[in-house]
Amino acid sequence: MNPVTQAKVLRALENRTIERLGGSQSIPVDVRVISATHRDLPAEISAGKFREDLFYRLRVITIELPALREHKEDIAVLADSFVQMHGRRLNRGTQLSREAYAALERYDWPGNVRELKNALERSMVLTPGMTLA
């Protein structure tokens with residue numbers, strides 16, 4: 001978020017009002033905010049790229065979600081779930097081979113769960129057989 005937007009978000013959260021673009025009237029709002037980032041916000045604050053007051057305003061409850069590469073034991077369960085989900089939609093009874101599971105667990109998944117889901121869908125669409133090897 002650029003500094004101007006950060007200031008606007010902070011003002012909206014603190015005052016519980018917004019102004020429409022081009023408007024001059026304050027509009028009361030009652031909102032809950034869920035935010036997410038892959039950045040190290042304390043480092044961004046130190047570098048002057050993120051407002052410390054906004055950080056503390058947003059940081060009521062923090063949930064740390066590790067990258068998929070940090071909990072590879074979940075890959076098989078997620079893969080099975082995605083294969084079933086895509087199989088229902090594509091009307092296919094696709095399965096994963098042991099080699100496919102091993103390959104999925106060797107990869108680091110920089111795109112996390114979303115990348116895994118899309119890779120399996122792409123494989124199911126492009127593979128003619130019922131087993132992904």
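Buried means under 20% relative accessible area, exposed over 50%, and partly exposed in between, using a 1.4 Å probe and protein chains only. This is a predicted model, where local features need pLDDT of at least 70, side-chain atom pairs count only at pLDDT 80 or more, and totals for chains, interfaces and linings use all residues. Residues are numbered from 1 along each chain as its sequence is written, and side-chain values use heavy atoms, without hydrogens and water.

Select K72. K72 is partly exposed at 22% relative accessible area.

**Stop two: R89 and E121.** Select both. Their salt bridge has its closest N and O atoms 2.2 Å apart. R89 lies in helix α4 and E121 in helix α6, so the pair ties together parts 32 residues apart in sequence. R89 is exposed at 52%; E121 is partly exposed at 24%. Helices here are DSSP runs (H or I, at least four residues), and strands are E runs of at least two, numbered from the N terminus.

**Stop three: R16 and D30.** Select D30, exposed at 59% relative accessibility. D30 forms a salt bridge with R16, the closest N and O atoms being 3.9 Å apart. R16 is partly exposed at 47%. The structure holds 5 salt bridges.

Methods: Salt bridge = Lys/Arg side-chain N within 4 Å of Asp/Glu carboxyl O.
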